[in-house]
Amino acid sequence: MSITRSIRTPIMHRAVEANGFVFLGGTIADDTSVSMGEQTRNILSKIAGYLKQAGTDKSRVVSASIFVTDLSKKKEMDAAWTEFFGDNLPTRATVGVADLGGSALIEVVVTALKG
């Protein structure tokens with residue numbers, strides 16, 4: 001089995017391909033001063049770009065882990081989520097956390113099928 005790492009950052013690779021899957025590391029919004037919904041939209045847009053670079057797309061996402069600092073704002077996240085994925089909703093887990101560093105309200109990790 002080959003492993004391909006891409007989209008290098010100082011502390012990790014954003015994408016790792018292995019055994020027909022693309023694993024994307026945690027992604028936060030570029031502007032963390034905006035609402036949960038806007039942060040979610042920004043993250044999902046970034047994820048779409050990372051998936052494209054890895055040779056796949058949002059319709060191939062099979063699983064997601066979402067970390068949020070304020071579960072009372074989950075409806076904003078859900079609206080942006082369903083707007084982005086439409087009928088191709090992946091499985092997901094949403095976990096409340098105390099802090100994501102800085103003022104980030106949400107961090108998303110996804111796994112997609114290659115191709």
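Predicted model: local features only at pLDDT ≥ 70, side-chain atom pairs only at ≥ 80, totals over all residues.
Residues are numbered from 1 along each chain as its sequence is written, and side-chain values use heavy atoms, with hydrogens and water left out.

Let me start with the sheet, where 6 strands form an open, mixed arrangement in the order β1-β2-β3-β6-β4-β5; strands here are DSSP runs of E with at least two residues, helices are runs of H or I with at least four, and both are numbered from the N terminus, while two strands pair if DSSP finds at least two bridges between them. Because β1 (3–8) and β5 (91–96) each have a single partner strand, they stand at the edges, and one side of each is left without a neighbour in the sheet. β1 pairs with β2 (residues 13–18) in the antiparallel sense over 5 bridges, and R8 has H13 in β2 as its bridge partner.

Now to the helices: the axes of α1 (residues 36–53) and α2 (residues 74–85) come within 8 Å and cross at roughly 30°, the axes being lines fitted to C-alpha atoms, for helices over the stretch in contact, with angles from 0 to 180 degrees between N-to-C directions. That makes α1 roughly parallel to α2, since angles under 35 degrees count as roughly parallel, over 145 as roughly antiparallel, 65 to 115 as roughly perpendicular and the rest as oblique.

Finally, α1 lies across β1, β2, β3 (21–27), β4 (61–68) and β6 (106–113), where contact means heavy atoms within 4.5 Å.
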